[in-house]
Amino acid sequence: NSLGYKGKKEPLESFKENIGKIYDNALETATDEEELREMMCNNIVELTGKELQKFFMKYGDFSLALKLMSQEAANKFTQYLLDYCYNNEIPLRWEIINKLTDDELKRHVWICIMNRQCAISGRKDNVDLHHWVSPGEKKNDTGLNTPFITLSRKYHNEIHAIGKDSFKSKYKVDGVMLKKEDIIKLEEKGFYQSQFKAFENG
């Protein structure tokens, strides 16, 4: 194939077996053809995302692919696969996040903010918008003068417990700055209402 990656028979057979299980489960539980298609698509997308992440963890530097494509092409392909996970709401495993470049990591944190998703765990429940740097008085907070990160309650408590520097050293993440258009989009989505009431003059 184009990446120079040769799958072994066992992983391939395992993938086929999992597809079969998805199909059998959908047949047993779906009430009509539309629901069957939806269940099949959603579960196959999730399975494919997991398999892509396994591939990334083993061949994350694309060393086998560079004989057949440029570094630029490999980077674009990497970004394509990351976007596939983001667009289909497939949480990235920490092993994947830890392989991202600085620019990719900043984009990851930004995407998590825009989707109200924890930048560490990928969870979407009980997610807080955290000021990476204290903005001072909330009434003066426009949302444009300090970086942010989104964290589930577990990691939000941890960053307050161990401090920003230790948290950054442990998880390799950093806060990112928002633009005026980002804040407008977040307000339109109804995200972080308690935070963004203070941004109305931003």
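Reply:
**Aromatic pairs**

A search of the whole structure turns up three aromatic pairs. Rings of Phe, Tyr and Trp (its six-membered ring) count as a pair if their centres lie within 6.5 Å; planes under 30 degrees apart are called stacked, over 60 edge-to-face, and the rest tilted. The model is predicted, so local features need pLDDT of at least 70 and side-chain atom pairs count only at pLDDT 80 or more, while totals for chains, interfaces and linings use all residues. Residues are numbered from 1 along each chain as its sequence is written, and side-chain values use heavy atoms, with hydrogens and water left out.

One of the pairs is Tyr155 with Tyr171, which is edge-to-face, with 5.5 Å centre to centre and 90 degrees between the planes. Tyr155 belongs to helix H6 (residues 153–162) and Tyr171 to helix H7 (residues 164–171), so this pair ties together parts that are 16 residues apart in sequence. Helices (H or I, at least four residues) and strands (E, at least two) are DSSP runs, numbered from the N terminus. Both Tyr155 and Tyr171 are buried; buried means under 20% relative accessible area, exposed over 50%, and partly exposed in between (1.4 Å probe, protein chains only).

Tyr171 also pairs with Phe167: the ring centres are 4.8 Å apart and the planes stand at 50 degrees, so this pair is tilted. Phe167 and Tyr171 are both in helix H7, four residues apart, about one turn of the helix. An α-helix has 3.6 residues a turn, so residues three or four places apart point the same way. Phe167 is buried, as is Tyr171. Tyr155, Phe167 and Tyr171 together make one aromatic cluster.

Next, the strands. Strand S2 (residues 148–152) has five of its five residues buried, so it is largely enclosed by the rest of the structure. From S2, Phe148, Thr150 and Ser152 point one way, while Ile149 and Leu151 point the other way. In a regular strand the side chains alternate between the two faces of the sheet. S2 runs antiparallel to strand S1 (residues 127–131), and five bridges join the two; strands pair if DSSP finds at least two bridges between them. Val127 stands opposite Ser152 of S2.

A helix contact comes next. Helix H5 (residues 102–114) packs against helix H8 (residues 180–189) at an angle of about 35 degrees, with the axes 10 Å apart. Axes are lines fitted to C-alpha atoms, for helices over the stretch in contact, and angles run from 0 to 180 degrees between N-to-C directions. Trp110, Ile113 and Met114 of H5 meet Asp182, Lys185, Leu186 and Lys189 of H8, where contact means heavy atoms within 4.5 Å. By class, this contact of H5 with H8 has four nonpolar, no polar and three charged residues. Ala, Val, Leu, Ile, Met, Phe, Trp, Tyr, Cys and Pro count as nonpolar, Asp, Glu, Lys and Arg as charged, and the others, Gly among them, as polar.

The buried residues of H8 are Asp182, Ile183 and Leu186. They span an arc of only 95 degrees around the axis, which puts them on the same side of H8; the arc is that of the directions from the helix axis to the C-beta atoms.

Of its 202 residues, 36% count as buried.
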